[in-house]
Structure formats: structure tokens, C-alpha cells
Amino acid sequence: MTTLSASSCYHCGSPVPSNAPWHITLDATTYPLCCPGCEAVAHAIVQGGLERYYQQRTELPETPAGESLDSDAWAYFDSPEFETKFRKTLPPDVDSDQLSATFAVEGITCNACGWLIEHRLNALKGITSSAVDLSRHRLHVSWQPSKLKLSQLLAELAGIGYSALPFEPDPEQERVRYKKRLGAWRLGASGACLLGIALLMLFLQGEARGDLNTRTTTLLHWLPMVLATLVMLFATPPFFRQALADIKRGLLGPAVPIALALGSAYLASGYASFFHTGEHYVGMYVGMIALLTTLLLLLGCARSLSGLRSPQNTFKGALPATTIRRYPDESERILPACELCPGDRIVVNAGQRVPIDGIIEQGASSLNTSQLTGEPLPVSYAKGDSVLAGCQNLENPLVINVVQPPAHTRIAALGALVGAAFTGKHLASINARSVHKWAVGLLIITLGVAALWWWFKPLMALDVLLSLLIAGSPCALALATPAALTVAYQQLRTRGVVMTNPCALLSLAKTTQAADEAIASCSDVVILSPRSERAVETLSIARATQRCIQHSMGMAASISVIALCLAAVGALSPFGAITGAGVSVLAVIANTLRFSRRLSTSNVSTSHLSTSVVKGVP
């Protein structure tokens, strides 16, 4: 149970104003509340017999945004046109007089929220089933429309403090979620095969092998090859597809030497298994395949967990899904924000976000603009002021005239530009030429050195070939620039600066102009923050990003050259080459994370840099 101080709201934990008249009584004890919204929600919970919610919750909910509890305000959602957007096809054995829908619910914070929602809905006449997915904030409900309207269901949810809207899957999000799930399965399969191969090799090298019969010996002989085949068929296809795409476009990337190494090792292990030319080679090559594949898949997971992935959908979730529209007769209805048109009037209550770009027609309040400008302090707005979508109303209700609907707001336009510019392919193309030159040089060197080894010592030629391909693979070089640009973008966003083209940051780093002139001449950098020093900070971050890229690429190239020299003279095995490649990648990630921490902790208080920028010194 969450504990609160005596001056905190019993429902949401916010400070309670002095002499506040709002309260709730539980078990003969009176608790203070901070606003009418919390009072309405708390009384709705208690009157519904769900007061156990306050004993079971582990986190505090958000302050209710003050949406109407009258089901008439939600009447838009009862229209047949809207019903067809979310109505699901039910099995033949289910009552035809039944609807089933999935809702996206805002305000879920802990398990007690799920318990409260399910018990509240199950008590309604007409509800046949309800289940809350806490991990994704989804509510699955089935109900009989003849007994319960959708507007009543939504009003009941609003009455206990949860805003809900029928959920429509985002194809892009579903695609990303599918890729993550498939990547996790591939990593698990590759890791399991790696473990099985390692245990099998240890067993085959032990003393117990002499006690095995012929069938068991044959089975153990082919089992490593079977596990390697599973890895090649299930876990490695992305690498071969990427290598084929690189070859078709004429720009070789890190996938090409990796695919060559995996394919060569698999063919060699297959040859050794079929012709019984040496179990040592079978165990080494299949182990190398499983280990290299597992580490490459782990690299993708590490990039996601460390925050070095592409910053797409930067403004996703910044706009509310629903809004309150005020009609000419002063009546109010709740409807999806996407249904708004220029000229409509909406009401934005305290706690709600502005879903459109518009002009305040009535009211005055303070707005939190940190989503756009990065500034934590609220800004006062009054009648006649223009407001942008994404701002959060903090104090008083506002009536706003719609100028641009949600799909055409400034935040939506910037989000679309960022999403297109910061895709993985676009980031990788920035230094694709450098990576291509390295990969071509690596293949030429590998071919020449392997030919020499084949001429003088054929048994070592394949090991040297694999070691060179793996040790010289430009995985770390290809990672350096996208990772640094992603970190720089994330740091600029916290300062109210939006970069719609990652190449713009590299161009700014080379400019000799003063900060204000450089930013003004670069249309791909948009400064939303009102602070005058943001231009200087942006230019400073651009130059720091360039130095980070140079340091990362220098470290990656140095480690790769050392590993290549050792592999060329036969002093580095394929497993040692994998270790060297892993060290170079970890060095790039560590340098980029250190760069990110420096920007976060220093707040870019670049005293000496600022002076040089103002003077126009590069």
C-alpha cells in the first residue's frame, strides 16, 4: 500500500490546497482530496464497493483530467460508423448480440488499477467479460449492445479515473514488435544451440567416449552439424539477406564478410562431417558459427537496451487520443481528436494535453511546453495567444479554436520528418562509402593472404581466411556514426532542438560561421526552445559529436588492424578473431555512452567552446 503525508491528496498524492473543501470518508476516517476531479473519482470508486483499491495499490494514479462522467458526452462512440472501426468478428458459437473490442487505457500504474477496472466493469449489466493487459495498457471487453452502450462503458471508465479509446493497431508498431519478437526467438535458438555444441564437444573430448557403441558414436558425430544447420536456417538469414542487398546496390557493408565467414565455416564443417576428415574441424567450425551468430544478435539487443537505436516516432504519444468539442449551442461532446477540423472549438481542462495547433478563445492558464521546448518551467497563456499541440494545461480550462487538426500540427510534421530521416537504413548510408572501402580492402587482403597460406600450408588456410573475415569485419566502424548521431539527437531533443536530417549535424560541425548564422542557414535544425543560447549549444554538440565519431572510428580501426595482423600470421584463431571484433564493438559503444553521459551531466556548459563559436572560429 502507498503511504501519503497528511497534506497530500488521498487519491493522486498531489498537494492539497489550504482550506480545500474536497474529501472522502473511509472507515469513519476523513481523507483530504486536491480537486473536484479526484473527489468525483474517489466517490465513484467507494460507491461502487471498490474501496479495496486504496489498500491494494502500489503506485499513485495520475490526477484525473476532468472528463465528463455523463454518458451523453460520449454519444459519438455509439454511432454505427464508429462501431465498424473496432467491432471484432466473433466465433459462430458466440451470441451474435455481442460486441468485443480492445481499448487503449490511459492512467494504469499498477496491479490495483487492473483489479479496479475489471471489478467495476464486471458489475455492469451487459458486460460478458473484461480483462486488463497491464504490460501494454490494453483492456479487452465483450458486452451486449442491447443492454449496454459503448458510451456508457467509456463513461464508467472515466468515472473511476481512466480515459479509454477503442484501440486501432499501428501497422508500424506491430511490425517493430514482430521483428523484436522474432529477434528474441532467433537469439534464444542460437544461444541454445551454442550451449548444446559446447557441452557436446566437451563430452566427445572426455574419456567416456570409448565406452559408446557405434550407433551412439554416429549420432554424436552428426549432432553438431544438425545444430549448426538449425542456426544457419533460423538465426542467420537476416545477415545473408543484408549481404545480398549490399552486393546488389554496390556498397559492401559489414554483413558481406560476416556472411562469407558463416557460409565458409558451414561448408567446411559439412565437408569434414561427410568425409570424416577430422572432428576437430567440425567442432571448431560449428562452434564458431553458433558463437558468432549469438554475439551478432546480442549486439542488436545491446543497441536497443543502451538507447543507441534509431529515434523514430519521437513525438509518439505526445497528443491525446480524445478531446472535448464545444458546439455552437454550448453543448460538449467527447470525440476522437482525429475528427477535428479547422474552425472547431475544443475545451482543454487542467491536466489534459492540447491535441491541435490553435488560438485561445477563452480562458487563461499555465502550460507545460517541455514536450516541445525542453523547458521545465510553465508558460502563461491568455486569450488570443497561439498554442501548439503537445502542450499540457496545468491550471484552468481553456477554450481553443482549432487552426490545424492533429494530423497537420507542427509536432506531427516534425515527427514525420524525423521518422523518415532516422531510419536504420538512412543512418547507415551516412558513412556507407567509408565502410564500403574498408570491406573491399578487407576482401582483397583476405584473398591474398589466404592464397599464400594455401600455397605454403594448406591446412591453415581456411582458419586464416575465417579469422581475417571476422577480425576485419567493419561492424564497429558501421556502428560509430549512427550511434553518435542518435545520442546527439536525443540530447538536442531534451533542449528543445529538433534535427530533421542527421547529416545536418555533421555539416554544422564543419561550419566557420557564428552560431546564430549557422543555425539560420540550416533548415534541417529547428530550435523550439525560447532560450537564446540554444544555438551555441547546438553548434557545440555538433562539434562534440564529430569528435566522438572520430574517436570511435579510430579505436575501432586500431583494434581491427591489430587483429588483422595477428590473423595474417596465423597467431589468431577464429574464436580469437570473434573476441577481437567484439572488443572493437564494445569500445565504440562505451565511447558513445561516455559521450552521452558527458552531455547529460555537463548540460553543455561549453565556456571555451561558446567563445570560439560566437567568434566564428572552427
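Which residues is L262 in contact with, leaving aside its neighbours within four places in sequence? The legends below take up this point and others in turn.

**Overview. The predicted protein chain and its overall make-up.** This is a predicted model, in which local features need pLDDT of at least 70 and side-chain atom pairs count only at pLDDT 80 or more, while totals for chains, interfaces and linings use all residues. Residues are numbered from 1 along each chain as its sequence is written, and side-chain values use heavy atoms, with hydrogens and water left out. The protein chain has 21 helices and 17 strands (DSSP runs numbered from the N terminus, with helices being H or I of at least four residues and strands E of at least two). Of its 618 residues, 47% are buried (under 20% relative accessible area, with exposed meaning over 50% and partly exposed in between, for a 1.4 Å probe and protein chains only).

View 1. Leaving aside its neighbours within four places in sequence, L262 is in contact (heavy atoms within 4.5 Å) with M232, T236, F239, F240, I289, L292 and T293.

**View 2. S366 in strand β11.** S366 lies in β11, which spans residues 365-368, and counts as buried because its relative accessibility is 11%. Not counting residues up to four places away in sequence, S366 touches P378, V379 and S380, together with Q392, N393, L394 and E395.

**View 3. Helix α17 and its cover.** Helix α17, made of residues 502-509, is mostly covered, with 6 of its 8 residues buried. The buried residues in α17 are P502, A504, L505, L506, L508 and A509.

**View 4. L202 and a nonpolar surface patch.** L202 is found in helix α6, residues 171-204, and counts as exposed because its relative accessibility is 61%. Together with L195 and L199, L202 forms a nonpolar patch on the surface, with about 330 Å² of accessible area for the three together.

Methods. Patch = residues over 30% accessible without salt bridge, like charges linked within 9 Å, V, L, I, M, F, W, Y side chains within 5 Å. Areas by Shrake-Rupley, 256 points an atom, 1.4 Å probe, with all protein chains shown as cover. Salt bridge = Lys/Arg side-chain N within 4 Å of Asp/Glu carboxyl O.
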